[in-house]
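Here are my notes on this model, as numbered points. Please read them with the structure open.

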Amino acid sequence: MELALAVDLGGTKIAGALVDRGGQVGPVSTVPTPAKDGPDVVVRAVRGLLRDVLRGGWPDRPGAADPGTSVRAIGVGTAGVVDVQAGTIVSSTDTFTGWAGTHLGAEVRALTTDLLERPVPVHVQNDVDAHALGESWRGAAAGARSALVVAVGTGIGAGVVLDGTVLRGAHHVAGELGHLPIGGADHLRCPCGRPGHLEALGSGAGMRRHYAWLSGDGSVLDARGVVALATAGDRTARQAVRESAAAVGRGIAAVVTVLDPEVVVVSGGVAEAGPLWWRPMEQALRAELVDVLEDVPVLPGSLGVAAPLLGAAASAWRLVDAA
Ligand SMILES: [Zn+2]
């Protein structure tokens, strides 16, 4: 049997698993990301994780070949803007020290050669793109020829998948809808430094800051806290959740209007807050769409944390097939 090693490299943790050709995911291992310790330490952490994944094997298939010799490729979804062709990190937030310029593909390939007893091809892409590809391959957008997959968590990201391929863009940032200008966000500054962007209001961090702005209460630590207050009946918290969610809906509507995707998938920690968030998001989205688009399916993600691993594996398999 043939297996791919998939890696989801985020700001706080790294997850890894074996994935087969059909999209079955083996046991998932995780380690904390030593993001502040520099790229060399991060890549060594990836190597250690993959060694553990290989030792864990493929338990559902007794008698299968040794996972080490069955591994055909490695797929990595990582935080940061990625040049997929070069396998390098173009830029990243300051969560990671020295991440920009890292030749991640080449370094992972070199550091895993001894583990796998030969070098294997390594595919590197942005983690949100990997997430989008995973939902398109085996998740909520499976079977659709085109999909917009939006992740709403601490930040906001999105990936556009067309015929099984992620749209990367000329500058490696296609799908970054967090930086759309959006009405109602002028009082909040986006992490990119500009006021009025969607991420400043629609992300989890944005929801928290919007609540602080509305209420004068800066003591609520995160979006979860705002949602808990809203659920308990706090009117200002309800307003913050509603307006934050509606901003996401309007932002998605703008992208749907340009791309006309077959399906929209919305996932991430904030999107899982329930109808209190989902209803105003979908209402605002549909209110903005022209009649011919108004029935576009808008679905929650179905894969959770497995989505970026599956997307990373899908790209690894594509690399194998193209060789
Ligand atoms: Zn921005």
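1. Start with helix α10. Its buried residues are A306, A307, P308, L309, L310, G311, A312, A313, A314, S315, A316 and W317. Keep in mind that this is a predicted model.

2. How many of the residues of α10 are buried? The count is 12 of the 17, so α10 is largely enclosed by the rest of the structure. A residue counts as buried here if 20 or more other C-beta atoms lie within 10 Å of its own.

3. What do the buried residues of α10 pack against? Four strands are on the list: β1 (3-9), β2 (13-20), β4 (71-78) and β7 (122-126). Helix α4 is on it too.

4. The geometry of α10 is as expected for its length. The helix covers residues 306-322, 17 residues in total. From first C-alpha to last it reaches 24 Å, close to the 24 Å expected at 1.5 Å a residue.

5. Now the domains. Domain 1 is assigned as 3-130 + 305-322, and domain 2 as 144-300. Their C-alpha centres lie 28 Å apart.

6. Contact between the domains involves eight residues of domain 1 and eight residues of domain 2. On the domain 1 side, β5 (81-83) and α4 (127-138) are the elements that give two or more residues. β5 gives the most, with three residues.

7. What classes of residue make up the side of domain 1 that touches domain 2? Five are nonpolar, one is polar and two are charged.

Technical notes:
Residues are numbered from 1 along each chain as its sequence is written. This is a predicted model: local features need pLDDT of at least 70, side-chain atom pairs count only at pLDDT 80 or more; totals for chains, interfaces and linings use all residues. Domain bounds come from an automatic or database domain assignment. Two residues are in contact if their C-beta atoms, placed from the backbone, lie within 7 Å. Ala, Val, Leu, Ile, Met, Phe, Trp, Tyr, Cys and Pro count as nonpolar, Asp, Glu, Lys and Arg as charged, and the others, Gly among them, as polar. The expected span of a helix is 1.5 Å times one less than its number of residues.
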